[in-house]
Structures are given as structure tokens and as C-alpha cells.
Amino acid sequence: MSTAGTPNVIVWSDFPLGISRALAVVSYSSDAVARYPNLLSPIKLGPLTLRHRAVVAGHSMVMGENDGRVGERLCAYVAAHARGGAALIGMESAPVHAGSVHYAQQLRLYDDAVLPGLARAAEAVHAGGSLLSIILWHGGHNVTHYGGQPGVAPSPIPSYTIGETPKVLSAGEIREIVAAYGSAARRCREAGLDAVEVQTALDYLLGSFLSPTLNRRTDAYGGSPENRVRIVVEILETVREATRGELAVGIRTSIAHLIPGDPHDYGIEDSLAAMRHLVERGLVDWVSVMTGTRWSHDRGIAPMSRPRLFLAEQSARYKIELGVPIVVAGRIRTPGEAEAVLVNGQADLIGMARTWIADPDWMNKVERGEEERIRPCMSCNQGCLGFARRGLPGTCVINPVAGREFELGDPETAPAPRRVVVIGGGPGGLETARVAALRGHHVRLYEAEDRLGGAMRLAGEAPHRTEMLAVISWWEGELERLGVEVSLGERVAGSDGLDADDVVWAIGARPAATAIWRLRPYLVDGIPGTQDLPHGRDVLAGARSVSGDVLVIDEEGGWMAVSLVETLLAAPEVRSVTIVTSWRPLGGPEIVVTLEAWDLAARLEEANLTVHLETLVDSVEGGTARLAGGEAIGPFDGIVLSTGTAALELPEGALAVGDCVAPRGFWGATHDAAVLARSL
């Protein structure tokens, strides 16, 4: 594919009157223009002209400082997306009012103290040739009273996730919040941002006002659709006044709220009517669509089991009926998918968050005609959403530099090339080899199996996780491009005779009983009677087999338990599956954090599966398992263990990454690799 540097298209970004900034001049390869003419075309958003149609949708990554200001971490993060070619970067949802702080690191747009850091972020984005937006946000009933103030809402309906009954807003308090939106927008203008987006999606404060289920008011802000949208109208009028026409003003909204069992659920007709009301008054420059509420959060940040482009058909109605640019997100990963949405008239701009977290150089690679080099997001939700929901700065399993750009930065060329040997071809070994080769080292990788990928390949070959395999293919392509020598089917027992300056071990972990010790540390040898039973990883790898009626004893949880169960259910030689797990729900908290629990529950409801939640197996004898409390279940034709792993023994003082250091999962492996390879 051609990557010629001869300019084929030159475009630029307009900036608000009176603000002096450099124009961004961009060269596109001829192949890129031919393949993606719509994606690479400019578009007008109010006072702005975006140089192409790919924007970074706002995604809260918990990167603010503990005092709610913008620090070096967040500046470096948005700057990386700007250098990567994003047309417009949406920062996270930021509270406009002191009663809306959901967690400490949220950017506090209600306080002038946010201005200096916010201005630095804008400067960093502009220096990279991009534009910066932020989401004006109020969490409503999703804000806990443990922050010092009760959550607020149009009506006293508890949050699905927090469970606290909110304070019902008075008319005076509504006016106070409306004014707060204006003050927040004014701060954004003073900081030099280019756009603001008002959040009405999900069941945050404004989404709750729009919903006939969540808004039961009888005053001017409830009842009819026009009354329910009134607060949004007043907020947008105030925001417009505060931004003085210098910033583009958009709105994000839900296509539907998808509250299970709700006969009056807020749906696409309600949403279109509300947005039409705003558009007809000239209050918004664009509408960005997503879907769901906290009752259906997995629809808003869909896991890998969901279809690609799952909102595109619904988005088309907004484009047809509203007459303003429409932004759509929803598992759009490749430039081909983005172009198809535009060609089909389903949207005017493509909003991507996780796609850009996985590869901040996404658009640069498209523009150079190098889309095969794009690091593919696999929608695992483990690093971006999983970390953020744990109150940690968000990151990415396959791009561990995400959110840590300020700490790690781009790999620098080594002072002198070294001979580096990597032993193990799982995620940790692959990333170590890649980064070491980027630094100019001569790298050779040994893998004992006949395929690369390690535990990630086991996970990816299980049902509903095949997108993981695309990441392994990307690593393979990068290692080939960088000239890494790969030896498959070659087991290395020690470093003698390797002819290396540095040897990095990335050999993973072995199946063990470690997960049992979480609740029963006294079971040194594991559950009595299980010592010779196969472990789930051996079954997934094809090293051991079971058939007939199968029992899974799970104390590990996570992807391992889920993938094992679904693999067994799909096996023709398996008649039925029973799982006894110490977790609630199946898969443990990890599956809940990554929003996979909803889809998993729906799939398993139709399967020939018996589940014993929050249950322990005391012993196994023959094909029968005795549960804690004395009940015996079985007999079973096969019993499989999902009981954790233990790090393999390494030479004293060895350089190592991943599970052979300590079993932690994929991000632990790639993060180890990113750090260690930069030190070689």
C-alpha cells in the first residue's frame, strides 16, 4: 500500500474570531483519500471546521488531580490524541456544580481553580493540531451523599447503582443549576477550549428530566415532553450566552433508556422529539447519540460480545430528521467501518473513545495509508472502564501507555543496540519484544508452543471473545515489521548459550490452587480429592479433555471461569455443565466491572447449565462433589478446576514480566513489558 508523502488533500481548522492559533496543514496519502473520501473530508460545527470526521468521544478516565484540577497526566493524555490526528477531542464528563462531584478526580468546572490546568490542556491539544471539547455534566441521582451533599433529581427515584434516594430539586435549585452550567461554559471559553457538549444521556440529571419514568413532576419541568425538556432549553440558552458564539455547542443524548420492564420507557421517538425541540430553537451545533442508562450501562459501553456499529441504523433517523451534524459511537473500530457509516448516511461524524485509547495514532495511520498497523481495540473494558470504576486512572490492556503518557512517554532510541532475548510469547513477551525492537535492539523471541498469544489466545478462542485474536495478529505483524526473530515450538530452560545481552522471561504461570486460598488458606494442597483433576487452562488448550456431564469447581472467577463454562457448553461431547463457584455473580466482580455480566446472564439462561453461586466444594470423591454444608452433587463424568495460577520459578535476579512475576492478568503483563523494555 502506498504511503507517499505528496500532499493529496490539504485542509485546516477554523478557530473562533479573536483567538490566534496556527492552522493545521495535513497531507493525506492518495490511497487514503481514495478509500475514505468521506472520513477524510472536513465538516462545519458552528464556528469550527473539523479537518475530518473522526472525533474522540468523551470518556471519563479518572485522570484529574485529587483537587479536581487538570494536571500533567491528563494534559499528556489529550496531547497524545492530538498528535495522533484527532479532529476534535472530547474530554471527560466534568461537574458543573459542587453537588455533582462523583469522585475526587473529576474536573471541577464550578471552580475558577480549574482554569490554569484546563488552559494548558487546550494549548497542548492545539499544539498537536487538534481541537478540544469537554462534557458539561451533572450526575443527578448517581452522586452519593457521602461526598457531603445528597444527590438531586427531578423526582425521588433512587439510582440503580448507588441505591440512594435523591433530594427533589426545587424551582429555585433548578435555576441555580442552570446558572452553574453557564458559569462552567464561561470557564471553558476563558480557558481556550473550542467546544462544549451538554450531557443529557443516560440517567444523569438531565437524562432523568427527559424521562417520563424518572421525571414525575407536576410543575413547569414535568409532565409534557415540552416541560421535561425545559431545563435543557434553559441550560443551552445560558451556555450559548456564556460562550458568546466563540465555542461550538453540542449535546449528547440517549437514543433510549432501556430500563428493563418499563412500559413507558424513554425511547427513540421521545429522544427525537426532545432533540428536535432544541434544534428548532438553534441551540445545538451537533447531536451525539449513545444509548442506555445505569439500568442498562452495558449498552452505552458495549463489551466485545455486542455487534459492531450497533447504533448506526438508529443514528440514521437523527441525521434524516434533525438537520444538524450527528455524531454516532458504538463499537466503531476500523476506518472501513467509519467510512461505511458516513457513506450510508447514518451519521456525519464518527465518535470513538476506546478505539483511540487503544491507538492514539489511529488517524495518523489512516492518513498515511497504514490502517493495517492500527492497534485494534477489543472492547474488553478491562483497562479503560475497569480501572476507572475502581477509582484508578484509566488505561488500556493492549496499550498500557494510555493514561500514563506523562510517566512513560514514547520509547526512545537506545544509546546502543543490544541483543535481547524474550522467552515467552504471551502479551507480556510480545509487548516486550515490540518495544525493545522499537528502541533499536536486536530481538529474538522464543515460544514453547507452536503459536503466539499465551493465555490471551486461550481466552480469544473461547466463545464470544474472538476479538482478542485480532490483537495477537497485530502484535505478530508489528514484530515482523520490526524484524524480530520469532522461534516457535522451542522451549528454553535457561539463559545459557542464548548469546544475549539481556534475557527477559515472560513464561506466564501454571495452574494451581491459589484461588482456593483466598477463602481457605489452610487448604495447602487444595480441595481434598482434586489433586489429579484437570485444570481449566489445560482443557482450553486441548491438553486435557472431558465429556458427558461435567462439573466446574470455580474459585478463580473472571474470564477464566466464564470462557471455560462457555467452551464446555459449546463442545458436542459435553452433555451438561454444572458450576460451583465461590463468587456472586458467575465470573466475580471482574465481569461486572467490565459490563459483561448482562450479556453473560442472557446467554447462560438459555444454556444447559446449573449454577451454585457463593458455594464451596469441601471434597471430591470419584465423580461426586460434597458441598460446604454436607450436600453431595453428582456423579459427574468429568470435573474441571478453575482455581487460579502460580508464578513459575525463575532464575535468581532474572528480568521478568507478566504472570511469571505474579499472576495478575493481561494488563499486568503488558504494563510490565512497557516499563521494562524502556529500561533495556
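1. Let's start with Arg520: in this predicted model, Arg520 is buried, with a relative accessible area of 4%. Its salt-bridge partner is Asp618, and the closest N and O atoms of the two are 3.5 Å apart. Asp618 is partly exposed, at 37% relative accessible area. The pair links distant parts of the chain, 98 residues apart: Arg520 sits in the loop between strand E17 (509–511) and helix H19 (536–540), while Asp618 belongs to strand E21 (residues 617–621).

2. Another pair to look at is Arg306 with Asp599, whose side chains meet in a salt bridge at 2.6 Å, N to O. Arg306 is in the loop between H9 and helix H10 (312–322) and Asp599 is in helix H22 (residues 597–605), so this contact ties together parts that are 293 residues apart in sequence. Arg306 is buried, with a relative accessible area of 13%, and Asp599 is buried too, at 12%.

3. Glu461 and Arg457 also form a salt bridge, with an N to O distance of 4.0 Å. Here Glu461 counts as partly exposed at 39% relative accessibility, whereas Arg457 is buried at 15%.

4. Shared partners join Arg368, Glu370, Arg373, Glu478 and Arg481 into one network.

5. On to helix H7 (residues 230–243). Its 14 residues should span 20 Å at 1.5 Å a residue, and the end C-alpha atoms are 20 Å apart, which agrees. Buried residues in H7 include Ile231, Val232, Val233, Ile235 and Leu236. Just after the helix, Arg244 takes a positive phi of about 60°.

6. If you like looking inside, there are four cavities of 30 Å³ or more. The largest cavity holds about 130 Å³ of space. It is lined by 17 residues, with Val55, Val56, Ala57, Leu88 and Glu197 closest to its centre. Strand E4 (88–95) is among the elements that give two or more residues to this lining, and E4 gives the most, with three. By class, the lining has 10 nonpolar, five polar and two charged residues.

7. Finally, the second largest pocket has about 850 Å³ of space. Its lining counts 41 residues, and His59, Ser60, His297, Ile301 and Leu385 lie nearest the centre. Elements giving two or more residues to the lining include helix H9 (297–300), helix H12 (354–358) and helix H14 (384–389). The lining of this pocket divides into 19 nonpolar, 15 polar and seven charged residues.

Methods: Residues numbered from 1 in each chain as written. Predicted model: local features only at pLDDT ≥ 70, side-chain atom pairs only at ≥ 80, totals over all residues. Heavy atoms only, no water. 1 Å grid on protein atoms, 1.4 Å probe; cavity = no way out; pocket = protein on both sides within 12 Å on 5 of 7 lines; lining within 4 Å. Points joined across faces, edges and corners; volume = space filled by probe spheres on them. Helix = DSSP H or I, 4+ residues; strand = E, 2+ residues; numbered from the N terminus. Nonpolar A, V, L, I, M, F, W, Y, C, P; charged D, E, K, R; others polar. Expected span 1.5 Å × (residues − 1). Buried < 20%, exposed > 50% of the residue type's maximum accessible area, 1.4 Å probe, protein only.
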